[in-house]
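Subject: Structure handover

Hi,

Here is the structure I promised to pass on. Please open it alongside this note; my findings follow below.

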Amino acid sequence: MAKEVTNREDNYSQWYNNLVVKADLAEQSAVRGCMVIKPYGYAIWEKMHDQLDRMFKETGHVNAYFPLFIPKSFLSKEAEHVEGFAKECAVVTHHRLMTNPNGPGVVVDPSARLEEELVVRPTSETIIWNTYKNWITSYRDLPILCNQWANVVRWEMRTRLFLRTAEFLWQEGHTAHATREEAMEEASRMINVYAKFAREYMSLPVVVGTKSETERFAGALDTLCIEAMMQDGKALQAGTSHFLGQNFAKAFDVKFSSKEGTLDYVWATSWGVSTRLMGALIMAHSDNNGLVLPPKLAPIHVVMVPIFKTAEENAAIIEKMEALKKELEAKGLTVKIDNRDTVRSGFKFAEWELKGVPVRIAIGPRDMQNGTVEIARRDTLTKESMNIDVCVEHIVALMDEIQQNIYAKALDYRARKTVKVDTWEEFKQKIEEGGFLLCHWDGTAETEEKIKEETKATIRCIPMDSFVCEEEGRCVYSGKPSKRRVIFARAY
RNA sequence: CGAGAAGUAGCGCAGUUGGUAGCGCACUACGUUCGGGACGUAGGGGUCGCGUGUUCGAGUCACGUCUUCUCGACCA
């Protein structure tokens with residue numbers, strides 16, 4: 001199986017699609033816009049899932065599950081919310097099929113029409129707030145800190161594996177609070193959880209910021225986000241956390257008796273990350289040889305490839321490998337011995353590189369004589385020979401080193417592609433090169449819209465941690481006064 | 001839904017003025033190989049998206065139809 005990845009520099013888009021398929025992560029399904037996540041891809045998602053879930057629990061959250069179907073009337077209770085999602089909803093109208101009276105196959109039974117159509121959730125705010133209404137009567141019931149792992153459906157016109165699919169896996173946190181401050185704190189806490197996850201586990205530098213009004217989640221008062229930069233200079237929204245104010249509480253009439261005896265509406269947040277993170281991970285680190293996985297999310301940390309001519313040689317090498325594997329596993333690493341005799345070692349090297357395994361160990365007859373192993377790093381594509389007795393410690397240390405090196409590389413790329421821009425001429429020129437443009441903006445939706453029309457660039461966020469530039473200046477487009485720079489970029 | 005392009009083997013494609021259905025990769029068998037995606041020989045695999053028409057004869061021409069992709073609009 002020759003699985004050559006196309007060149008990243010030639011056509012980034014094609015390179016990405018090709019990589020996702022060739023590295024056995026996912027493929028297009030027979031259902032339009034939907035994706036099959038293959039076992040290897042799912043193993044990576046599982047790692048992300050488990051770590052995120054741990055972090056949610058650490059911040060006091062619990063998991064629950066709410067229905068897939070949302071009565072149409074629920075969705076329309078919050079005006080902005082329904083407007084934001086109406087155009088991409090899958091709707092269930094019937095509950096039965098019948099044999100076709102006019103030919104082969106089955107048809108929808110017209111007599112089985114639902115009295116009220118059900119929307120397949122594009123997000124669960126409405127069904128959840130309809131439920132919370134029954135859970136909340138007193139301040140003693142608050143806060144509610146629930147998360148759900150689920151699939152959602154958004155009938156997008158154009159789809160791309162992991163980045164935008166008609167159905168995707170995600171988690172959505174939905175919390176209810178007694179005060180505005182507490183809810184705002186929660187929204188900010190969770191965006192920071194996401195940022196920490198991206199940086200420490202995905203080795204992905206992200207900017208934490210707030211969305212402009214036009215980019216805000218439908219029904220939110222404030223949307224916090226983490227924005228990442230891909231290797232083609234385009235921005236990718238990797239996660240969001242919304243301060244929903246009392247919008248949903250009012251729409252679903254969720255009130256509670258406060259300590260002071262007043263009857264108040266509940267304050268809400270919602271936050272989510274999806275399988276899009278997989279897309280971010282792939283796009284941010286991979287090279288022309290394939291995936292580059294950060295050790296903390298790699299399903300396999302170390303792969304061992306024997307190099308042999310005869311069966312006896314192989315048996316001796318495998319024995320050695322089994323012993324080494326045990327030692328590495330004792331250090332918490334996942335190890336695979338690729339003992340296939342159907343493909344050659346060179347093929348295995350290429351294949352495991354394609355799959356992004358951080359460290360590869362090769363042992364051949366020469367090593368058997370010298371008591372050495374060959375250790376290859378995926379991130380730098382370098383190899384070194386080392387005495388087998390000291391290699392375990394080295395490999396354990398390598399995991400951290402690789403994790404950090406990948407982050408440093410991505411951070412360095414982002415730094416190189418982030419520029420301050422002060423004139424409209426320069427803006428139009430720089431945006432073609434990709435990257436983040438730090439610009440003054442007059443704060444109006446009109447200007448934002450005009451810039452988008454003319455350059456396809458949008459405000460990715462008003463940064464809160466990295467690139468905070470609170471300084472006086474003039475809007476890059478209108479020339480009106482501005483107090484801080486924001487990040488403009490073309491985005492996925 | 002608007003504009004463009006494409007549907008031929010599992011994948012990627014070629015197929016000239018209409019005249020025997022092809023190539024590369026992958027697959028199967030055997031042999032030689034084996035420290036970076038091996039090589040040789042021999043094989044298997046097709047209703048050329050679907051339908052109608054023109055023709056002695058259609059992958060090729062005409063009309064219809066379906067699907068997919070790219071660019072818009074929409075979006076995590």
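A definition first: two strands pair if DSSP finds at least two bridges between them. That matters for histidine 440, which stands opposite arginine 485 in β26. Please also keep in mind that this is a predicted model.

**Around β26**

Start with that strand. β23 (residues 436-440) and β26 (residues 481-489) pair in the antiparallel sense, over four bridges. β24 (residues 458-463) is joined to β26 by three bridges, and the two run antiparallel. In that pairing, threonine 458 stands opposite alanine 489. β25 (residues 470-474) also runs antiparallel to β26, again with three bridges. Here arginine 474 faces proline 481 across the pair. β25 and β26 form a hairpin with six residues between the strands. Glycine 479 takes a positive phi there, near 80°.

**The five-strand sheet**

Next, an open sheet. Its five strands are ordered β18-β17-β19-β20-β21, and the pairing is mixed. Which strands stand at the edges? They are β18 (335-337) and β21 (383-387). Each has a single partner strand, so one side of each is left without a neighbour in the sheet. From one strand to the next, the twist averages 25°.

β17 (residues 302-306) and β18 run parallel, joined by three bridges. Valine 302 stands opposite valine 335 in this pair.

Helix α9 (residues 311-330) lies across β17, β18 and β19 (359-363). α9 runs at about 170° to β17. Helix α12 lies across β17, β19, β20 and β21, and runs at about 5° to β20.

**Helix α12**

α12 covers residues 391-416, which makes 26 residues. From first C-alpha to last, α12 reaches 36 Å. That is close to the 38 Å expected at 1.5 Å a residue.

Which residues of α12 are buried? They are Cys391, Ile395, Leu398, Met399, Ile402, Gln403, Ile406, Tyr407, Ala410 and Arg414. An α-helix has 3.6 residues a turn, so residues three or four places apart point the same way.

**The RNA surface**

How many residues surround RNA strand B? There are 40, and the closest are Met157, Gln237, Gly346, Gly364 and Arg366. Elements giving two or more residues to this surface are β13 (235-245), α10 (345-354), α11 (365-370) and β20 (372-377). The largest share comes from α10, with eight residues. By type, the surface near RNA strand B divides into 18 charged, 14 nonpolar and eight polar residues.

**The three-strand sheet**

There is also an open sheet of three strands. The order is β4-β8-β5, and the pairing is antiparallel. β4 (69-71) and β5 (91-94) are the edge strands, each pairing on one side only. Neighbouring strands of this sheet are turned by 40° against each other on average, direction ignored. β4 and β8 (residues 113-120) run antiparallel, with three bridges between them. Phenylalanine 69 has valine 120 in β8 as its bridge partner.

Last, two single positions.

Methionine 98 is found in strand β6 (residues 97-99). Is methionine 98 buried or exposed? Methionine 98 counts as exposed, because it has 12 C-beta neighbours inside 10 Å. The cut-off for exposed is 12 or fewer. Leaving out residues up to four places away in sequence, methionine 98 touches Val106, Val107 and Asp109. Methionine 98 and valine 108 are 10 residues apart in sequence and 6.1 Å apart in space, C-alpha to C-alpha.

Alanine 79 is found in helix α4 (residues 79-85). Alanine 79 is exposed because 12 other C-beta atoms lie within 10 Å. Alanine 79 and alanine 251 are 172 residues apart in sequence, yet 8.7 Å apart in space, C-alpha to C-alpha.

Best wishes

Terms used: Residues are numbered from 1 along each chain as its sequence is written. Chains are lettered from A and ligands numbered from 1 in the order in which they are written. This is a predicted model: local features need pLDDT of at least 70, side-chain atom pairs count only at pLDDT 80 or more; totals for chains, interfaces and linings use all residues. The expected span of a helix is 1.5 Å times one less than its number of residues. A residue is buried if 20 or more other C-beta atoms lie within 10 Å of its own, exposed if 12 or fewer, and partly exposed in between; C-beta atoms are placed from the backbone. Two residues are in contact if their C-beta atoms, placed from the backbone, lie within 7 Å. A residue is near a molecule or strand if its C-beta atom, placed from the backbone, lies within 6 Å of it. Ala, Val, Leu, Ile, Met, Phe, Trp, Tyr, Cys and Pro count as nonpolar, Asp, Glu, Lys and Arg as charged, and the others, Gly among them, as polar. Axes are lines fitted to C-alpha atoms, for helices over the stretch in contact, and angles run from 0 to 180 degrees between N-to-C directions.
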